[in-house]
Amino acid sequence: MDILYRQATRCDIPRIKEIFNAQYARKKTDDYFVWQYFESAWPTVVVCAEKNGVVEGIFGLQRRELEGGIPVGQAIDLLITPELRGKGVFAEMGRRAIAQFPELRILCVLPNLNGRNACIKSLGWQEVAKIDSLILNRNQQISVTIAASEPLVGALRPVRFDWTSNLRSWRYTCHPNYTYEIVNSSSEHFAVTKVFVDPLTHQQFGDIVDFHAPLDDYSVLVDLFTSSVNSLAAKGVESITTWALPSTMHYNLLKAMGFKSTERERYFCVKILDQTLKHLYDISSWFLVQADAEIY
């Protein structure tokens, strides 16, 4: 099969958008691909697979860093048309994208089920976790019963992606499709929220996509999440969703506030390139928020 592999350019956006919108209910605009691929705050490469002059697959990879400066490659927007599936094209796109960043020490992706299966089968990555959502009904009464002296099981300092003020500005202020709101519980602590409108039902849902606060200060976290919930509820959302891994401190706190765990088709897959980081195959070593995935 005659396949041309090359890096995507802005001229490929209409075709990439066509492939993307044919597979997902959440439609993307040209501006999204400009922002995500060509004006990203992170070094980004997108490898295309072209057959007969038509792009039939893409593999995006962003060079991010974990706190502490560990370079990590995060795969994004993994797309391939049905005609090219199962023919080794996905693996070749991934290999070429990863080769652009030889300094990477770890690879990761937050895919749906199809992306998870492709990364495991074609690239040899490992599923570290299936990420459930924590959901609170808008009309549910918040009731926190955790006493300050009650121990909460969890890793105090799990590894997380580095989020500087410049990165957050690009991620939230410059996003072409979503409008985010900063909710402050104090001058130092904040959360980032957004309202999502379901493209099929047109119902409104709230997301707490990110937050900045000490993970072991229960009173600060309660104030911050309560402020976020109240802000979203005032906008008339049906429910409020966020992420918290069971191994983290704020997971227990959110559960105590009334958030319920609900299964979602979202996975976290990893491949360790630096064997000194093998502990990162354990999900309890990680701290993830919704904003770490490109779909929120």
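**Basis.** I am working with a predicted model, in which local features need pLDDT of at least 70 and side-chain atom pairs count only at pLDDT 80 or more, while totals for chains, interfaces and linings use all residues. Residues are numbered from 1 along each chain as its sequence is written, and side-chain values use heavy atoms, with hydrogens and water left out.

**Confidence.** I checked pLDDT (the predictor's confidence in each residue, from 0 to 100) and noted a protein average of 91, with 94% of the residues scoring at least 70. Over residues 147-155 the pLDDT is below 50, and this stretch has 17 contacts in the model beyond near neighbours in sequence, a contact being heavy atoms within 4.5 Å.

**Helix α7.** Helices (H or I, at least four residues) and strands (E, at least two) are DSSP runs, numbered from the N terminus. In α7, residues 249-257, I found Met249, His250, Tyr251, Leu253, Leu254 and Met257 buried, where buried means under 20% relative accessible area, exposed over 50% and partly exposed in between, with a 1.4 Å probe and protein chains only. Their cover includes β7 (133-137), β10 (204-212), α6 (218-233), β11 and β12 (260-262).

**Ser239.** I then turned to Ser239, which lies in strand β11 (residues 239-242) and counts as buried because its relative accessibility is 12%. Leaving out residues up to four places away in sequence, Ser239 touches Ile135, Leu136, Asn137, Arg138, Gln204, Phe205 and Gly206.

**Helices α1 and α2.** The axes of α1 and α2 come within 10 Å and cross at roughly 105°; axes are lines fitted to C-alpha atoms, for helices over the stretch in contact, and angles run from 0 to 180 degrees between N-to-C directions. The two helices are therefore roughly perpendicular, given that angles under 35 degrees count as roughly parallel, over 145 as roughly antiparallel, 65 to 115 as roughly perpendicular and the rest as oblique. I noted that Ile13, Ile16, Lys17 and Phe20 in α1 meet Asp30, Phe33, Val34, Tyr37 and Phe38 in α2.

**Helices α3 and α4.** For α3 (residues 89-99) and α4 (residues 113-123), I noted a packing angle of about 80° with the axes 9 Å apart, which makes α3 roughly perpendicular to α4. Phe90, Ala91 and Gly94 of α3 make the contact with Ala118, Cys119, Ser122 and Leu123 of α4.
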